[in-house]
Amino acid sequence: MQITDTSAIVTGGASGLGGATAMALAAGGARVFALDLPSAIEKAPQVDGITYVATDVTEPDEVASAVAAAEAEGPLRTVVNCAGIGPSARILSKKGPHDLALFRKVVEVNLIGTFNVITLAAQAIAKTDADEHGQRGVVINTASIAAFDGQIGQAAYAASKGGVVGLNLPAARDLASVGIRVVTIAPGIIDTPMLATVSDEFRQALADGVPFPKRLGRAEEYANLALSIIAQDYLNGEVIRLDGALRMAPR
């Protein structure tokens, strides 16, 4: 699928995986609408081809407004869901049981937010003209290897990302009739702002645990994979691990 002169939505598009993907899509000729919270957008670089839209992915009205803005510059062909949060808490710790509100919030952002964007964006993509093969667009979601190898303290995060993995195939099947592909990337340990606060020693320890290459992943590698998925029309309904063959230990 070609992205030149089409619209694209990237959630969490102001930094990290989303920021790198938004820049890669813009460099490829897409008109990118990067959805993120206002606090993140304030720190985002100004890049030609990227329009930042303050959006909470869990709010249907805000997402619908962002989708309308994207399709006005259309046709909307690409959606990449990168928005997510990853707080850590054990089911039972010395502080007591896991806070239910925190668990609900993680699932709401990571899983329900992803579903909300898929649903509203798919409605817009389905209205576009199909290409000669009947294709109209592609949705790329972001899970995590925590969906398969959740560590101690990752009950909420792993459950939410496991939900994204479980959503992948039925979403691809549901949207096949309107020519929309759905693929999920499950990243390993990627060097993003979420790791900016940890020590160099801890970062090195994380890198040493990766079989090969022995380093942290780069946001640009996620973006490159996203572009490859967009270009490969026969790739659909699949979850792709981007992790250097890492399998996470319990802690």
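## Ground rules

The model is predicted, so local features need pLDDT of at least 70 and side-chain atom pairs count only at pLDDT 80 or more, while totals for chains, interfaces and linings use all residues. Residues are numbered from 1 along each chain as its sequence is written, and side-chain values use heavy atoms, with hydrogens and water left out.

Helices (H or I, at least four residues) and strands (E, at least two) are DSSP runs, numbered from the N terminus.

## The sheet

Start with the open sheet: seven strands in the order S3-S2-S1-S4-S7-S8-S11, with parallel pairing. Two strands pair if DSSP finds at least two bridges between them. S3 (50-54) and S11 (239-242) sit at the edges with a single partner strand each, so one side of each has no neighbour in the sheet. On average, neighbouring strands are turned by 20° against each other, direction ignored.

Going into the pairings, S4 (residues 76-81) and S7 (residues 137-142) are parallel over four bridges, and valine 80 has isoleucine 140 in S7 as its bridge partner. H4 packs on this sheet, touching S1 (7-11), S4, S7 and S8 (180-187), and its direction makes about 175° with that of S4. Contact here means heavy atoms within 4.5 Å. For angles, axes are lines fitted to C-alpha atoms, for helices over the stretch in contact, and the values run from 0 to 180 degrees between N-to-C directions.

## Strand S8

S7 and S8 run parallel and are joined by six bridges, with threonine 142 opposite isoleucine 185 in S8. On to S11: four bridges join it to S8, again running parallel, and isoleucine 185 stands opposite isoleucine 240 in S11.

## Two helix pairs

H4 (residues 100-125) and H6 (residues 155-175) pack at about 20°, axes 8 Å apart. That makes H4 roughly parallel to H6; the cut-offs are under 35 degrees for roughly parallel, over 145 for roughly antiparallel, 65 to 115 for roughly perpendicular, and oblique for the rest. The contact has 14 nonpolar, four polar and one charged residues. Here Ala, Val, Leu, Ile, Met, Phe, Trp, Tyr, Cys and Pro count as nonpolar, Asp, Glu, Lys and Arg as charged, and the others, Gly among them, as polar.

H1 (residues 16-27) and H8 (residues 219-231) also have their axes 8 Å apart, but at an angle of about 50°, and are therefore oblique to each other. This crossing is right-handed too. The H1 side includes Gly16, Leu17 and Ala20, and the H8 side includes Tyr222, Ala226 and Ile230. By class, that contact splits into 10 nonpolar, two polar and one charged.

## Threonine 55

Threonine 55 lies in the loop between S3 and H3 (60-72). Is threonine 55 buried or exposed? Threonine 55 is buried, with a relative accessible area of 4%. Leaving out residues up to four places away in sequence, threonine 55 touches Leu35, Asp36, Leu37, Glu62, Val63 and Ala66.

How values were computed: Buried means under 20% relative accessible area, exposed over 50%, partly exposed in between (1.4 Å probe, protein chains only). A crossing is left-handed if the near helix is turned anticlockwise from the far one by less than a right angle, and right-handed if clockwise.
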